[in-house]
Amino acid sequence: MPADPPVGEHRPPFPPSSRMLVTALAITQTIGYGTLYYAFAVILVPIAADLHTSATAVTGAFTASVLASAVLAVPIGRRLDRHGGRALMTCGSLLGTVLLVLWSHVEQVWQLYAVQLGIGVASAASLYEAAFAVIIAWHQPRQRSSALLALTVVAGFASTIFLPLTGWLTDQHGWRTALLVLAGIHAVTGPLHATVVRRPPSAGPHTVTRHRDAGTRAVRAALADRGFWLLTAGFTAHTTATSAYTLLLVAALTTWGHPPAFAATIAGLLGLLSVAGRLITTGLQRRYRTTTITAGVFALQAAAALLLPAVGATTGGAVLAVVGFGLGFGVATIAKPVILAERYDTRRYATLAGILVAPMALAKAGAPLAAAALHAATSSYTPVLAIVAACCAVAAIAIAVCSRPTAQP
């Protein structure tokens with residue numbers, strides 16, 4: 001691989017094929033996250049009422065979906081490394097469309113769980129981790145950050161677009177019809193993946209075969225590297241923090257006396273702030289190491305989480321603390337693939353990413369439940385936010401102490 005560009009050097013433009021790939025993936029990721037992930041929060045209560053069950057039971061189905069993705073992270077990563085993303089992402093997208101239709105017809109809680117387990121499979125095959133593997137394989141080091149930024153900035157608006165859209169559809173037509181409309185929108189992702197996703201020009205079948213043994217050795221070398229496990233610990237701790245924070249923010253603000261509309265608006269800023277954080281991070285990468293930037297942002301989040309209980313009862317204090325935390329909300333999404341590609345052999349990027357992502361997915365599933373239990377035990381959000389701050393601090397330290405080996409050819 002070519003060396004990273006010197007500080008301040010102009011990054012070369014994407015070739016037309018790359019621009020088409022990034023554009024298509026930005027569209028599919030926005031739609032995929034909007035329909036398969038964010039829509040659940042909007043229709044949770046109507047589903048619980050219609051199925052005559054509790055919101056907790058329905059939420060458990062979402063947790064099952066996240067756990068299914070965690071279990072499949074490593075095998076899907078291996079398949080991506082060996083066969084590329086076209087067939088996998090296309091099948092995952094088609095499966096997601098079918099499951100959205102089936103979701104609209106569920107009549108029993110067990111059917112909801114079955115559908116959500118399937119959505120976990122579809123998500124693992126077609127969303128960010130698969131898209132990142134394709135982006136990494138297609139781009140040279142000096143282009144990767146910009147390509148990942150373009151993808152994640154657009155997809156960062158998935159919640160901004162699909163939360164209100166799903167809410168409007170549900171209010172006007174009911175949750176079942178809303179899901180059918182979302183399935184129709186999601187149906188475009190399969191053809192886009194089938195048409196645009198290809199192996200990079202340098203990765204023909206003979207090249208893949210020749211590099212298979214070398215790639216296996218590269219995985220073993222990465223797993224023997226202390227830095228890989230520090231990265232895993234750091235990003236898992238950060239996922240724990242952000243998942244718990246997302247769950248409790250609105251409830252905490254309303255408990256401290258803010259109107260529900262204000263609390264919801266402030267929480268809605270997290271999506272926009274995540275985009276701003278990604279833009280800032282990518283801009284700083286021209287001057288500083290990605291690990292340094294990421295550690296600094298995580299440290300800022302630790303301070304903001306500690307600040308929130310102290311100043312969150314005031315409007316200005318709540319906004320300040322949430323903005324401080326929100327700027328780092330999406331940084332891990334863009335930093336993780338960049339750091340992995342900088343440190344390790346990209347011929348096995350997806351396999352290594354799968355190993356790293358598996359505990360992150362488990363943390364994403366378990367952290368909200370743990371946060372709710374801690375709040376129930378203490379009747380206060382301060383201990384929960386203290387744990388959130390501690391997780392961010394652990395993440396900052398773990399990322400900061402990682403050295404940056406030269407990328408493998």
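Here are a few exercises on a predicted model, each with a worked solution.

Residues count from 1 along each chain as its sequence is written, and side-chain values use heavy atoms, with hydrogens and water left out. Since the model is predicted, local features need pLDDT of at least 70 and side-chain atom pairs count only at pLDDT 80 or more, while totals for chains, interfaces and linings use all residues.

**Exercise 1. Work out how the rings of Tyr33 and Tyr128 pair, and which helices they join.**

Start with the rule: rings of Phe, Tyr and Trp (its six-membered ring) pair if their centres lie within 6.5 Å; planes under 30 degrees apart are stacked, over 60 edge-to-face, and the rest tilted. That rule gives 12 aromatic pairs. For Tyr33 and Tyr128 the centres are 4.7 Å apart and the planes sit at 50°, so call the pair tilted. Next, place the residues, with helices being DSSP runs (H or I, at least four residues) numbered from the N terminus. Tyr33 is in helix H1 (residues 16-50) and Tyr128 in helix H5 (residues 128-138), so the pair ties together parts 95 residues apart in sequence. Both Tyr33 and Tyr128 are buried (under 20% relative accessible area; exposed is over 50% and partly exposed in between, with a 1.4 Å probe and protein chains only).

Now try Phe40 and Phe62: centres 5.2 Å apart and planes at 40°, so this pair is tilted. Phe40 belongs to H1 and Phe62 to helix H2 (residues 55-83), so parts 22 residues apart in sequence get tied together. Phe40 is buried, at 4% relative accessibility. Finally, ring pairs join Tyr33, Tyr37, Tyr38, Phe40, Phe62, Trp103, Tyr128 and Phe132 into a cluster.

**Exercise 2. Describe how helix H3 packs against helix H8.**

First the geometry: H3 (residues 86-103) and H8 (residues 175-186) pack at about 165°, with axes 8 Å apart. Axes here are lines fitted to C-alpha atoms, for helices over the stretch in contact, and angles run from 0 to 180 degrees between N-to-C directions. That makes H3 roughly antiparallel to H8 (over 145 degrees; under 35 is roughly parallel, 65 to 115 roughly perpendicular, the rest oblique). Then look for contacts, meaning heavy atoms within 4.5 Å. Ser93, Gly96, Thr97, Leu100, Val101 and Trp103 in H3 meet Trp175, Leu179, Leu180, Leu182, Ala183 and His186 in H8.

**Exercise 3. Is Val115 buried or exposed, and which residues does Val115 contact?**

Val115 sits in helix H4 (residues 109-126). At 7% relative accessibility, Val115 is buried. Setting aside neighbours within four places in sequence, Val115 contacts Leu99, Leu102, Trp103 and Val106.

Methods:
Helices (H or I, at least four residues) and strands (E, at least two) are DSSP runs, numbered from the N terminus.
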